[in-house]
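Q: I would like to learn how to read aromatic pairs. Where do we start?

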Amino acid sequence: MFTRTALRASAPIFRAPVAAAPARFFSSSPARLVKIGELLPEGELLQEGSPGNKVDLRKEAESARNMLIIGVPAAFSPACSSSHIPSYIQHPKTQEFDVKAVVSVNDAFVMKAWKENLDPTGESGIRFLADPSGDFTKALDLTFDSKAIFGNDRSKRYAIIVEDGKVTKIAVEPDNTGTAVSLADKVLA
């Protein structure tokens, strides 16, 4: 059995200085936020109207002149329904985009009902796309931990403009859910 005295009598332990590793919060890899000049994530990651109607925005971006993607934390949530999405429905420059889409980490049925609530006639031309597993949002690195509010990881509030297949503008809310930088009057100015 060892005692304190016996341990002190042993040879001193050499400790080499160790450089501190850079802090990486909540991830073992660096952030991968989509960047200007990049392509959208590839694959049928989204759904429109029903789970069987798969959507690949990257493929659509290849043939569209331009595209507007609006990301929201939750369908039917107060800021999303009362100010964020209505700002795009009512903004005249929204019509200048070949493809206009709202994306949320929700199921296709919820997104369809939300569209019918916000744009019942479909005059805006904005599509309401479901990201049920969050794969599209994760690929953009635009998720945040919202389990306390929504029960799962959700999308940060953002707007992305794509031209000739590549991202040309990104506006991501610094607090994830606010409307300081992602409303239509800021993005489409």
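**Reading the aromatic pairs**

A: Tryptophan 114 counts as buried, because its relative accessibility is 0%. Buried means under 20% relative accessible area, exposed over 50%, and partly exposed in between (1.4 Å probe, protein chains only). The model is predicted: local features need pLDDT of at least 70, side-chain atom pairs count only at pLDDT 80 or more, and totals for chains, interfaces and linings use all residues. Residues are numbered from 1 along each chain as its sequence is written, and side-chain values use heavy atoms, with hydrogens and water left out.

Q: How is a pair of aromatic rings described?

A: By the distance of the centres and the angle of the planes. Rings of Phe, Tyr and Trp (its six-membered ring) pair if their centres lie within 6.5 Å; planes under 30 degrees apart count as stacked, over 60 as edge-to-face and the rest as tilted. Here the count comes to two aromatic pairs.

Q: Why is the pair of phenylalanine 76 and tryptophan 114 tilted?

A: Their planes stand at 45°, so the pair is tilted; the ring centres are 6.3 Å apart. Phenylalanine 76 sits in the loop between strand 3 (66-72) and helix 3 (78-90), and tryptophan 114 in helix 4 (residues 108-118), so the pair ties together parts 38 residues apart in sequence. Helices (H or I, at least four residues) and strands (E, at least two) are DSSP runs, numbered from the N terminus.

Q: What about tryptophan 114 and phenylalanine 128?

A: Their planes are at 85° and their centres 5.4 Å apart, so this pair is edge-to-face. Phenylalanine 128 lies in strand 5 (residues 127-130), 14 residues from tryptophan 114. Both residues are buried.
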